[in-house]
Every structure is written in C-alpha cells, then in structure tokens.
Amino acid sequence: MFSHPEFDDHETVVFSRDEASGLTAIIAVHNTALGPGFGGCRMWPYGDEEAALRDVLRLSAGMTYKAAICELPYGGGKSVIIGDAGSQKTPALLGAMGRLVEGLGGLYIIADDVGTTLDDLAVMRTETAHTAATTAAAGEPLAVTAHGVARAMEAAAAFAFGRSDLVGLRVAVQGLGNVGLPLCRYLRDRGADLTVCDIDPERLALARRELSPKIVPAEDIYDRDVDVFAPCAFGAVLNDETIPRLRAKVVCGGANNQLLRGEHDAALAARGILYVPDYLANAGGVIDFHMEHINDNPEAVLDAVGRIGEITADTLARAHAQGETPLQQTDRLVHQRLDAARAAQLSSPPD
Ligand code: NAD
C-alpha cells in the first residue's frame with residue numbers, strides 16, 4: 001500500500017467487506033489539514049481491486065486540491081463500492097456503507113458520484129450524519145460543475161484571446177453527460193460555436209434536438225480546428241498520442257485527472273496550449289456542498305461557483321507573470337495552504 005504509485009501520502013485508507021449485504025468498499029481520505037475529507041461515492045463494477053484502489057486514491061487526492069484551491073475548509077476524500085449499481089445496489093448495502101462512514105467519526109463526508117444518487121445518500125443517512133445533500137434545496141439537481149467549467153472557460157478565453165464574450169468561440173466538447181450537456185447549453189446561450197462527440201447515441205440525439213451542434217465521431221474530437229477543447233467524458237485524455245493532435249489553444253473541461261501523467265502539463269505548454277487545471281475548473285461540487293451550510297438557494301450557489309472564474313483569471317495572470325504553467329501555479333498554492341494549515345494545527349495547544 002505505502003509504495004503504491006498513487007498512494008501520495010494518504011492519511012487513511014479503509015478497506016471493508018460486509019458479508020451480509022455484499023458490500024465491498026474502499027474509503028480513502030487524502031488530507032485533512034484544512035478540514036474533513038469530502039468527496040463522492042462511486043459504485044462501479046471494477047475489473048479488479050487494483051483498478052478500484054487506483055481510482056479511489058487518485059480521486060480523493062484530487063478532492064484535496066479542489067477544496068484547497070477554492071480556499072474551502074475541507075480535505076480530500078472519496079469512496080468506491082465495487083459492484084454494479086444497476087443490479088447490486090440494495091438498501092442493506094447502502095446502510096452498510098453508511099455505517100462504515102459513521103465509523104470514521106466525521107473524518108470523511110460522503111456525497112453522490114457515478115453509480116450513486118442523492119436518494120442513496122438519504123438511505124445512508126439512516127446510519128450516518130456525515131453525508132452531503134442534507135437540505136431540501138441541496139436535493140434538487142443543479143449543474144454546478146458545468147457552471148464552474150463555463151466560468152473557468154470564460155476567464156481562459158479572456159486571457160488567451162483577449163475576448164470579453166464567447167460569441168463565435170469554437171469549442172469542442174468531449175462527452176455529453178451530466179457535465180458536458182449542461183456545459184453545452186451554457187455555451188450555446190452565450191453564442192459559442194459547438195462541436196461535440198459522445199459514444200452514446202441517445203446523448204447525441206438529445207444534443208442534436210436541443211442545440212444543433214456539429215457532431216463528430218468520438219475519435220476525431222482531438223483533431224478539430226477549434227479554439228477550446230473541453231474534456232468532459234473521462235480522465236487521461238491528454239497524453240502522448242492526443243496532445244500533438246490538438247489544434248485548440250485552450251484546454252478547459254470538467255473531467256477529472258485529464259493529464260495521463262504530470263509531464264503532459266509541460267507537453268501542452270510546449271505546444272503553446274493553455275491548460276486550465278482540471279481540479280480548478282471542475283471544483284463546483286465542493287463549493288456547492290459548502291453553500292449547503294451558508295445559503296443553498298440556487299442563485300446563491302451558482303454565484304458562489306462563479307468564483308472559479310475569478311480564481312482562474314488570477315491563476316492565469318500570475319502563472320504568466322512568474323513564467324509557470326497554470327498547473328504549477330495552482331499546485332504550489334495548494335501545497336502552501338496545506339502546509340500552513342498543518343503547521344497551525346501543530347502549533348495550537350490541545351483543548
Ligand atoms: P457521465 O457519465 O454523466 O457522462 C460522461 C459522458 O461521456 C457519457 O455521455 C458517455 O457516453 C460519454 N463518453 C464515454 N466515453 C466517451 C468517448 N470515448 N468519447 C466521447 N464521449 C464519451 O459523467 P459526468 O458526470 O458528466 O462526468 C464526466 C467527467 O467529469 C468525469 O471525468 C467525472 O469524473 C468528471 N466530474 C464530474 C462531476 C459531476 O458533477 N458530475 C464533477 C467533477 C468532475
């Protein structure tokens with residue numbers, strides 16, 4: 001475990017099996033210097049345990065970065081349930097997951113993710129107090145992640161192209177799911193010129209009916225002559241094979257862990273492509289959770305998520321001034337904040 005390539009100094013990793021309900025789960029809490037680990041619970045039929053472990057470790061570390069870059073009082077956490085959400089999810093299994101979360105005593109706050117829903121969190125709440133979406137308004141769907149990505153993209157377009165609007169901006173969106181489709185709606189409303197792809201014909205049909213975008217085969221999305229490439233399907237899409245193909249000058253999207261490896265940040269910079277760090281662009285969910293405790297009416301939440309645009313603008317300007325990539329800039333800020341919070345914890349006397 002400690003030499004796992006994705007271990008990255010995780011504070012706590014819990015492996016659990018509950019025979020009675022069939023639950024097999026991992027909870028990873030990456031860093032709690034700024035507050036309890038917050039992050040979603042993914043239910044997925046992973047091919048093997050290694051794939052599940054890798055996923056949970058990478059995603060929980062990402063949550064630390066999202067909260068820290070947005071100056072929120074949370075750490076990074078994530079959980080995975082190994083199984084098929086369609087056929088293996090039962091109230092007993094969700095209850096067992098709730099007990100597991102409760103056993104961590106607030107170290108981890110669980111939210112919904114791929115394969116789990118807000119209704120599933122309600123079932124877990126019969127066993128634990130440590131879940132997201134505890135208010136009525138928080139239970140309503142709101143496209144917070146897409147909104148944050150859109151605001152980050154506006155800031156990047158202003159920086160890279162000197163433009164104050166998105167009219168005619170050519171954007172290629174990869175994936176038309178919970179993030180990609182609402183992002184397209186937002187961009188279309190602001191006059192952007194959309195090129196999209198998906199492997200699901202139903203999502204394509206929906207987009208075609210509503211938005212009339214240019215639709216291209218999934219494999220061709222990297223080669224399009226566009227201004228912005230927005231990865232919104234899955235991770236590791238920026239790699240040795242795809243980066244040389246990109247014609248966009250900006251990459252800004254909602255997918256987690258877009259770079260296959262750290263060195264691909266430099267590869268993008270070498271091609272003069274501005275990469276907005278994924279964990280900044282897609283941090284809308286953490287801000288949404290934070291607003292549950294402050295003011296969770298939809299307008300206030302979207303307004304708060306808009307801060308992603310301001311942070312992006314700041315990051316791009318500072319990175320440029322200091323000769324860094326935006327990712328180097330945000331990573332450095334995150335580490336400074338975590339180190340300062342840890343030092344403050346260590347120097348404060350015990351209660
Ligand atoms: P989703 O499952 O709703 O949508 C993903 C879409 O991508 C689907 O329509 C799928 O058919 C499509 N797709 C799959 N393979 C493809 C391919 N090869 N080419 C083109 N399209 C393909 O997922 P989502 O919730 O929209 O999340 C998308 C990404 O954003 C993921 O990386 C996720 O981790 C990340 N993310 C999501 C949220 C959120 O709030 N949902 C928050 C932060 C980050």
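**View 1. The area that domain 1 and domain 2 bury between them.** In this predicted model, domain 1 and domain 2 bury about 720 Å² between them, and 61% of that area lies on carbon and sulfur atoms; buried area here is the accessible area, taken with a 1.4 Å probe, that two parts lose on being put together, summed over both. On the side of domain 1, Phe 38, Arg 58 and Tyr 74 lose the most area to domain 2, and together they make up 67% of what that side buries. Residues are numbered from 1 along each chain as its sequence is written, local features need pLDDT of at least 70, and side-chain atom pairs count only at pLDDT 80 or more, whereas totals for chains, interfaces and linings use all residues. Side-chain values use heavy atoms, with hydrogens and water left out.

**View 2. The two domains and the contact between them.** The domain assignment, which is automatic or taken from a database, gives domain 1 as 12-63 + 74-124 and domain 2 as 144-335. The centres of the two domains, taken over C-alpha atoms, are separated by 26 Å, and the contact takes 7 residues from domain 1 and 10 residues from domain 2, where contact means heavy atoms within 4.5 Å. Between the domains the count is 0 salt bridges, a salt bridge being a side-chain nitrogen of Lys or Arg within 4 Å of a carboxyl oxygen of Asp or Glu. Helix 1 (residues 49-69) gives the most to the side of domain 1 that touches domain 2, with 4 residues; helices (H or I, at least four residues) and strands (E, at least two) are DSSP runs, numbered from the N terminus.

**View 3. A salt bridge between Arg 58 and Glu 6.** The search of the whole structure finds 27 salt bridges, and one of them joins Arg 58 to Glu 6, with the closest N and O atoms 3.8 Å apart. Because Arg 58 lies in helix 1 and Glu 6 in the segment before strand 1, the pair ties together parts that are 52 residues apart in sequence.

View 4. Strand 1 (residues 12-18) and strand 2 (residues 23-31) pair in the antiparallel sense over 7 bridges, pairing being assigned if DSSP finds at least two bridges between two strands. Arg 17 stands opposite Thr 24 in strand 2. The two strands form a hairpin with 4 residues between them, and Gly 22 in the turn has a positive phi of about 85°.
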